[in-house]
Amino acid sequence: MQAPQKNDVVFFLSGAAALVYQVAWARLLARLTGSDSIGIALVLAVFMAGMGLGAWFFAERVRASNNPRRLFVTLLAIMAVWAAASPELLATLQPVDSLLTRGGVAALLLLVPTVIMGATFPLMGKLTIGDDAETGEGTAKFYGANTLGAAAGALLGAFVIFPLLGLSRGLYVGASLDLLAAILALGLVVPKRTGDAPEKEQPANPTLATSINSNFRSTALVLTFLFGASSLALEVLLTRLLITVTGASVFAFALVLAVYLLGIGIGGRRARLLLAREGGAQRLLESCAVWIPIVGFAGLIFLRYQLGESDLFGVLANRMPSGAATWLLWASQAFFAGLALFPPAYGFGLALPACTALIVESRGEWSRERAMGRLYAFNTAGATLGSLGAGFFLLPELGPRSSIAIAFAVAWLAAPLLGKAKQGGLARLAFPTAGALFLGWFALRPAPSDDTTTTLFHSVGRDSTVSVLETAASAAGHPGARSLLVNGKVVATTAPVDLRLQRLLGTIPAHLHREPKTALVIGLGTGMTAGALLDFPSLESLEIFEISSTVREGARHFEAWNSGVLNDARTHIQIADGRHALALSPERFDIVTSDPIHPWTRGSSDLYAVEHFRQMAAHLAPEGIASQWLPLYQLATEDVKTIVATWCAAFEHTSAWLSAYDLVLIGSNAPVPLADRLSQSFPPTVAANLKLAGIASWQELGALLVADHADLLALSDSSSPMFEDHPRLEFRAPLAYLSGYATEILAWAESSRPAVLPAESEARAREVRQLLSDFLTDLPNGLTAAADRYGQRLLALPPLE
C-alpha cells in the first residue's frame, strides 16, 4: 500500500471509531444525565469543548514532537483503552440531577478522549504536510478521509455494531478500529518539514507584514467560526425537519447523519483540486459562502416538490407506506436527506481545508501546528454555538423557517468579509446574493394548504415538534377525531378505540387497587391516561413526568377528553426525562403507569428495558400496581415477546388486558386478588367515561383479561429480557414497522383462557374474542378498513345486564 493510501486508511479508521464512541457514549451518559434537551446539550457541549481544547492547547506539543508518528500511535492507543474501560467507569456512577453534577459526569467521561481527538487535527497535519504550500491539499486529504470514516461509523454503528453487540461491546469494536489504525500508523512516512516561520525570508517592512498577517489570521478564524456555526445549526434544523418525514427511528437518524458527513467528507476531498486553481483559498471560500445558501435553498425546493408539500414548515407526517420493502424505505430516507443536507454539507467540507490554507499562508510568527490548532478550535466553538443556539433559541423562539434563513445567512457573512480585502469584491456578490434571496424566498415562503384537516396547534420546541390536528366526520361515516403528532408521528387520538386504550392504562390499575391515593404517569401525551386516574375520588396526588414542554401545551387541546388534567389542583407536572426523573425520585406511588412513544422510535427503548421496569416496581408503595402500554402493531412477534419477558423479569405478579389491538400490561410486587378487586363498582365519573370507551360494567372490564402471570411466562419462554446496554428493540422494531399487526400475538390473545377470568365476564370475553377472530380474518382485505370495522363492532357491543 502506498504512503498516501495508507494515510487515508488510518484517518478513515480513526474517524469511524470516533463516531462509534460518540454515539455509544451519548446513549450511556443519557442514563446518568438524562435524555432531555439539557442533558443532551451538556454532553454535546463537553464533547465539542474537549475537541476544541485539545486542538488549541496541544498544537505546540505537536509542533515540538520529534516523532509525530509515535505520538499519534500513542494517542490512538490511549483513546482505545479509555473507550474499552469507559463502560466500567460508568457502571460505578449513579444518575445525577443538578446542572453542575450532570456536566461533571459528562466531563469525567468525555474530556480525556475528546481532548485527544482535538489534538489529532494538528497532528494529522504534521503527519501529512511538509510545506506550507501543501497545507490546503494535505488538510483536504486527511480531513476528507477522517470525515468519510465518521460517515461509515454512523452507518456501521446503527446497522451492524450496536444491533449485534450492544453499546458497551460496541465501544470495544470502536477501540479495535483505533488499535488497527494505530498499528497501520506505525508504517506512516512523515514528510520532510519545510517552510517553518523562522526559515522564511524576512520582509522589507516587518511591522507592515505582521499587521497584514494578523489581519488575515483573524479573518481566517472568523470565517471558520462562521462556517462551523452555520454547519451545525443547519444540521440540527434540517434533521428536525427530516425526521418528521422519515420517522425518528435509529436508522433514519443514522442515514441523515451519514449523508451530512458524507457531504462534508466528499467536499473535503474535492477541496484539494479546487485550491490549486487561480485565486486559491480566498476564491474558494468566497464561492462557498455565496453558493452554500444557493444550493441549500435549491435542495429544500426539490425536497418540497418531491414530498408534494405546499409548505415544508407546516404540519408534516411520517412517510412510511405500508407494504414497501425496508431497503426501499431506507433508500427514500437517504434520498430525502440528500436533497436537504448534502448540498450545503459539501460546501462546508470545501471550506475547512480552504480556511486552513488561508491561515497557514498568513501565519506569520505562528507555527503551522499552532495555526491549525487555533483554526480547529474556532471551528469547533462555532459548531457548538450553532448547534446549541439552533436547538435552544432559534427553533423554539423563531421557528424553523426563520431559523434556517439565519443559518444560511451566517455562512453568507463570510463572503463580504473576504470581499472587503479584494478590489471589487463586494460588487461581485450582488448577483449570487440576489439568487440566494430569491431561492430562499421560494423555499421558505408559507403557502396555503388544501388539506381537509384543521390544525389546532403546531409548535417546534427544544425536544420535539408537536401538532394537534382535527378531522371532521366524513360523509362515508368515519367519525371525526383529534390527533396528537410528535415529530410527525400520530401518537394518540380521540378515536373511540384509541381513547379506550388511553383510559384503560389508568383505569385498570386504579380499579384493581383498593383505594389509590398517589399516582405517577410517565408520558403525558393527550393526558387521557392521567385524566382517567383523576376520575377516582380517592386520588390525592398525581405526578406526571413529560420530557417535552411542547407536548404539555398540545395536551391542552384535549381537555374535553382528559378531565382537565392540567388544571386540576392534584396534578403536578415535571418537564423531565421520565426514566431519569423516576430513578432520582424518592417517592413511592400507589399507581405507576407508563405510556411511552412506540419502541421503534430512537431512545424510547430505554423505557422498555428491564432496568426501567424494575425502577417502576421499586417505586410502588405496598400493594401498588403498575401498568404499561404494549402495542401489537408495527412490532414483530419476537419484539412483543421480548417486552413481555422484560416485564415479567421486573414484576413478580403480572397480567395482560386487551384493549383492542394493544395490550395493557399490569405488574405488582404483591398478589392482586382479581376476583375481589374487579367486582367493585366504578365511581360515577369513571363509569361515565368508560361508557365512552364501550365498557359499561366491571364484568365487561374483566372480559378484557387475556393472560395471568403463568400465561405471560409461557408466551415469552423462548425470549430473554432486554437490558439498557443492548437495546435490541430499538434496532429490531423499525424492521417490523411495515409489517402491520402482530397477528400471532393477537391470535394468542383470541385463544387465551386465563384461569383467573371471572365467571361473570366469560360471556362477554367470548364475544370480544370472536370479534378479534373476525378482525384477524378481515386483515388481508386491508389493514385500515379491518381495524375500523373491528373498532366499531367492539364499541357497539350492548351493555351487559
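Predicted model: local features only at pLDDT ≥ 70, side-chain atom pairs only at ≥ 80, totals over all residues.

**Entry: a loop residue**

I looked up Asp36 and found it in the loop between helix H1 (3–33) and helix H2 (37–64). Is Asp36 buried or exposed? I noted a relative accessible area of 11%, so Asp36 counts as buried, the cut-off being under 20%. Next I checked its neighbours. Leaving aside residues up to four places away in sequence, Asp36 touches Arg102, Asp463, Ile547 and Asp577. With one of these, Arg102, there is a polar contact from side chain to side chain, at 2.7 Å.

**Entry: the largest cavity**

I counted four cavities of 30 Å³ or more. The largest holds about 150 Å³ of space. I found 18 residues lining this cavity, with Leu241, Thr244, Gly314, Val460 and Thr465 nearest its centre. Which helix or strand gives the most to this lining? My answer is H6, with four residues. Helix H10 (368–412), strand S1 (454–460) and strand S2 (465–471) are among those that each supply at least two. By type, I sorted the lining into ten nonpolar residues, seven polar and one charged.

**Entry: the second largest cavity**

Here I noted a volume of about 60 Å³. The lining includes Arg500, Glu700 and Arg764, along with Ile695 and Leu704. I sorted this lining into five nonpolar residues, one polar and three charged.

Methods: Residues numbered from 1 in each chain as written. Heavy atoms only, no water. 1 Å grid on protein atoms, 1.4 Å probe; cavity = no way out; pocket = protein on both sides within 12 Å on 5 of 7 lines; lining within 4 Å. Points joined across faces, edges and corners; volume = space filled by probe spheres on them. Nonpolar A, V, L, I, M, F, W, Y, C, P; charged D, E, K, R; others polar. Buried < 20%, exposed > 50% of the residue type's maximum accessible area, 1.4 Å probe, protein only. Polar contact = N/O pair within 3.5 Å; in protein donor to acceptor, adjacent residues only side chain to side chain. Contact = heavy atoms within 4.5 Å.
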